[in-house]
Amino acid sequence: MEVNEAETRFIELMGVVSQRNGSPRIYGRIFGLLILTGSSMSLQDITSVLKISKASASTNTRLLSNQGVIRLTTLPGERQDYYELVPNPLIKMTEKASLEMSDIAGQVREAKSYFQEEQADVIHRLAQLESFYTISANVLADISSKLDKLN
């Protein structure tokens, strides 16, 4: 598979976006490639198109799989593994982020309980942090719901 200039630019854009969000650039490039193809691709195909090592492709497809946005699949008569986007990957991403924010809010809430009343300033700052994570979780859940309605 060959990619044209527009496709290359999009793939690279997704790599930069990924890197800005703290993930590896190749993670975003693979995600971008799979968005463009809309079909399953073998690890060999991914490495060939993106001109990356098999080890790097394997590591980053595993990360994408752990995030719930791609999945491992097979094709009849083929011995190699293939990767494809899960249905509605953007919904999966926002749902996972919402759950993570909610989990962090709970951990901050628990940590807040360790402090004594005389540490009211610390408790107040932790309450603000808890609110940040709770509100973020709710906003992401709302985004996920709105994305789901678009489908």
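Contact means that heavy atoms lie within 4.5 Å of each other. This briefing applies that term, and several others, to a predicted model, in which local features need pLDDT of at least 70, side-chain atom pairs count only at pLDDT 80 or more, and totals for chains, interfaces and linings use all residues. Residues are numbered from 1 along each chain as its sequence is written, and side-chain values use heavy atoms, with hydrogens and water left out. Helices (H or I, at least four residues) and strands (E, at least two) are DSSP runs, numbered from the N terminus. A residue is called buried under 20% relative accessible area, exposed over 50%, and partly exposed in between (1.4 Å probe, protein chains only).

**Helix α3 and its surroundings**

- Helix α3 covers residues 43-50, and its buried residues are Leu43, Ile46, Thr47, Val49 and Leu50.
- These buried residues pack against the helices α1 (5-20), α2 (25-37) and α4, and also against the strands β1 (41-42) and β3 (82-85).
- Just after α3, lysine 51 takes a positive phi of about 55°.

**Threonine 61 in helix α4**

- Threonine 61 belongs to helix α4, which spans residues 54-66.
- With a relative accessibility of 0%, threonine 61 counts as buried.
- Leaving aside residues up to four places away in sequence, threonine 61 touches Ile30, Leu43, Ile46, Ile70 and Tyr83.
- The side chain of threonine 61 also reaches the backbone oxygen of serine 58 at 3.0 Å. For a polar contact, a pair of N or O atoms must lie within 3.5 Å; within protein, one must be able to donate a hydrogen and the other to accept it, and residues adjacent in sequence count only if both atoms are side-chain atoms.

**Salt bridges**

- Side chains of opposite charge can pair when their charged atoms come close.
- The whole structure contains 8 salt bridges, each defined as a side-chain nitrogen of Lys or Arg within 4 Å of a carboxyl oxygen of Asp or Glu.
- One of them joins lysine 96 to glutamate 100, with the closest N and O atoms 3.6 Å apart. The two residues are 4 residues apart in helix α5 (residues 89-112), so about one helical turn separates them.
- Lysine 96 is partly exposed at 27% relative accessibility, and glutamate 100 is partly exposed at 38%.
- Another salt bridge links arginine 109 and glutamate 130, at 2.6 Å from N to O. Arginine 109 lies in helix α5 and glutamate 130 in helix α6, so this pair ties together parts that are 21 residues apart in sequence.
- Arginine 109 is partly exposed, at 42% relative accessible area, whereas glutamate 130 is buried, at 11%.
- Arginine 125 and aspartate 121 also meet in a salt bridge, at 3.8 Å from N to O. These residues are 4 residues apart in helix α6, so about one helical turn lies between them.
- Both partners count as partly exposed: arginine 125 has 47% relative accessibility, and aspartate 121 has a relative accessible area of 46%.
- Through salt bridges that share partners, Arg109, Lys112 and Glu130 are joined into one network.

**Aromatic pair**

- The structure holds 1 aromatic pair, and its members are phenylalanine 132 and tyrosine 133.
- The arrangement is edge-to-face, with 5.0 Å centre to centre and 75° between the planes. Rings of Phe, Tyr and Trp (its six-membered ring) pair if their centres lie within 6.5 Å; planes under 30 degrees apart count as stacked, over 60 as edge-to-face and the rest as tilted.
- Phenylalanine 132 is partly exposed at 46% relative accessibility, whereas tyrosine 133 is buried at 19%.

**Nonpolar surface patch**

- Ile135, Val139 and Ile143 form a nonpolar patch on the surface, and together they have about 250 Å² of accessible area.
- Patches are made of residues with over 30% relative accessible area and no salt bridge; like charges are joined within 9 Å, and nonpolar side chains (Val, Leu, Ile, Met, Phe, Trp, Tyr) within 5 Å. Accessible areas come from the Shrake-Rupley method with a 1.4 Å probe, and for residues only the protein chains shown count as cover.
- Isoleucine 143 lies in helix α6 (residues 120-150) and is partly exposed, at 36% relative accessibility.

**Positive phi in loops**

- Lysine 51 is not a glycine, yet its phi is positive. Lysine 51 sits in the loop between α3 and α4 and is exposed, with a relative accessible area of 73%.
- Asparagine 88, which is not a glycine either, has a positive phi of about 55°. Asparagine 88 is placed in the loop between β3 and α5 and is partly exposed, at 36% relative accessible area.
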